[in-house]
Amino acid sequence: MAVIGIDLGTTNSLAAVWKDGKSVLIPNRLGACLTPSVVTEAEGAVWVGTVAREKRLAYPRQSAASFKRLMGTEQKLYLGDKGYTPQELSAVVLRQLKQDAEEFLGEAVDEAVISVPAYFNDEQRYATRQAGLLAGLKVERLVNEPSAAALACHNLHSQEDETFLVIDFGGGTLDVSVVACFDQIVEILAVAGDNHLGGDDFDQRIAEHFCREHGIGQDTLNPRQWLTLLQSAEQCKRLLTEKEGAMMEWEGPEGKMGLILSRDDLIRICAPLFKRLEAVVQKALRDASSDAIDRIVLVGGTCRMPVIRQYIRHFMNIAPMTEDHPDEIVAKGAAVYAGIKERREEIKDLLLTDICPFTMGIGVRDPSSQDLLLSPVIERNCVLPFSREQSYTPCTDTQDHVMIHIFQGESMHCSENLFLGTLHLDMPPASSGSRFVKVRFTYDINGILEAEAVNHAGMKARKRIVNSHIRMSDEELEERIIHLKNLNYISREEEQTEYLLARGDRLYRECLGRDRDVVQNNSQLLRSLMDKKNPAKLRAARRQVEPVFDYLEEKLGLEKLI
Ligand code: AMP
């Protein structure tokens with residue numbers, strides 16, 4: 001059974017596998033490598049990916065997207081009136097990637113290495129593994145996205161030592177890492193990131209700017225209108241990747257509206273986002289104590305924007321390299337990691353050393369203010385796996401137990417950090433001043449923390465810090481697995497037909513005259529055969545319709561829907 005690598009992205013997800021000495025991307029049922037991370041439950045079925053993304057326009061309340069941003073929280077997302085956790089929706093996407101991989105490889109796939117943003121905390125990591133479980137995938141290893149990118153960019157055959165900066169700027173998150181490569185070792189020196197900064201923020205700012213320019217109150221727009229406005233903003237952003245200027249068009253309640261934007265406008269509107277990007281890069285460089293960067297590798301869809309590349313070149317003084325397909329690198333790296341895990345010949349000696357990107361500590365009472373202050377046990381950017389012990393004395397000689405509160409974060413004040421859990425330890429009496437508690441934190445290679453406390457009498461308390469509120473019992477997990485398995489998923493065949501129909505709908509909107517008739521006739525042909533449930537004829541019709549739509553899309557200069 002094969003182990004695959006998965007990049008479970010905010011906007012798109014991809015799978016890859018180590019095959020014939022290299023990472024190979026796995027095409028989905030529509031022949032594309034990117035599967036939009038969108039789920040729609042409509043027309044009596046569950047849709048995932050490209051068609052789900054198209055159906056989302058018609059059914060915004062029955063669709064969910066960008067759920068990765070909510071991973072590890074209890075927040076439910078609704079497909080109509082049915083609530084799903086972010087990990088359940090992720091599982092629906094993972095399930096589809098697993099099936100596509102099985103189809104591509106011709107064998108069962110029951111294990112995956114999934115990439116996560118380096119800045120994902122324990123709750124988010126736990127939720128990601130749970131999503132795998134819910135999809136029927138064993139997830140023994142998570143790999144940090146920038147580390148996966150580093151693995152993919154590391155030249156296996158190069159003898160040269162080098163230090164590079166990986167800037168992974170996706171739809172919802174930014175991760176920056178400083179990586180040193182020597183011999184067969186890829187060492188992550190430092191990572192920094194922003195969990196809430198990505199391409200979606202640029203769309204949002206452009207959409208807000210559009211509203212301002214047209215005097216539209218954002219709160220007057222319904223969800224569908226806001227969604228279509230965001231889509232127009234995204235389209236405009238993408239056009240600005242191709243050209244210096246672009247026209248943003250939007251069909252509002254009062255008809256079609258337009259706005260011309262230039263790259264300079266984009267820089268102005270999004271200035272605070274550029275500043276946030278710069279601050280994260282500077283933090284990573286500071287933490288790595290390294291300013292001798294040999295190259296900069298840009299990863300993630302947002303790095304396609306020339307204004308981002310320009311900005312990075314300006315403040316780093318090095319021209320960044322952009323791979324041909326920056327959005328495929330993380331998945332390829334996850335496949336390298338899967339290959340290492342399987343001990344595949346070409347990479348079995350390759351070693352990735354990763355780090356813990358945040359500080360972990362316990363709360364200690366400040367005697368003057370009674371404030372709970374952070375006492376770091378493991379500081380950020382220590383190499384994984386890592387273990388460290390700190391000794392503490394109880395506040396009073398008489399207390400019969402201690403409660404050790406565990407936090408993650410960089411703030412001095414515990415209230416501003418993420419609370420991870422509590423260890424309770426009894427404190428038997430002993431002579432004055434001889435009582436102590438030793439707290440040991442051990443961080444494993446998946447970025448999961450284990451805390452242990454031992455007192456002067458040798459009594460121990462131990463806890464593996466996994467989140468309490470999103471944790472499910474085995475029965476609950478089993479019940480949700482069955483529930484997700486039994487959803488009415490659309491078949492591959494139906495999805496391929498729906499995909500063509502979605503392309504037809506868009507073409508119809510875009511073209512005029514005879515071309516419109518051609519689109520309509522072809523779409524009608526597909527619809528009539530769908531109703532008759534004649535798979536062979538439908539397949540033949542798809543083969544006939546596809547080149548027609550290809551031709552028209554090319555004629556109109558439309559980007560592929562995928
Ligand atoms: P990722 O999460 O890496 O798939 O990145 C998705 C983000 O990249 C989304 O915000 C997209 O709008 C953005 N993106 C993808 N392609 C382009 C492009 N050609 N120009 C600008 N942004 C893009």
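Trainee: What should I know before reading the values?
Mentor: The model is predicted, so local features need pLDDT of at least 70 and side-chain atom pairs count only at pLDDT 80 or more, while totals for chains, interfaces and linings use all residues. Residues are numbered from 1 along each chain as its sequence is written, and side-chain values use heavy atoms, leaving out hydrogens and water.

Trainee: How many salt bridges are found in the whole structure?
Mentor: The search finds 35. A salt bridge here is a side-chain nitrogen of Lys or Arg within 4 Å of a carboxyl oxygen of Asp or Glu.

Trainee: Which residue does Arg-492 form a salt bridge with?
Mentor: Asp-100, with the closest N and O atoms 2.8 Å apart. Arg-492 lies in helix α12 (residues 492-510) and Asp-100 in helix α2 (residues 86-105), so the pair ties together parts 392 residues apart in sequence. Helices (H or I, at least four residues) and strands (E, at least two) are DSSP runs, numbered from the N terminus.

Trainee: Is Asp-100 buried or exposed?
Mentor: Asp-100 is buried, at 3% relative accessible area, whereas Arg-492 is partly exposed at 26%. Buried means under 20% relative accessible area, exposed over 50%, and partly exposed in between (1.4 Å probe, protein chains only).

Trainee: Which residues are in the network with those two?
Mentor: Arg-29 and Glu-495 are linked with Asp-100 and Arg-492 in a network of salt bridges.

Trainee: New topic. Where are Lys-138 and Glu-111?
Mentor: Lys-138 is in strand β11 (residues 138-144) and Glu-111 in strand β10 (residues 109-116). Their side chains meet in a salt bridge, 3.7 Å from N to O.
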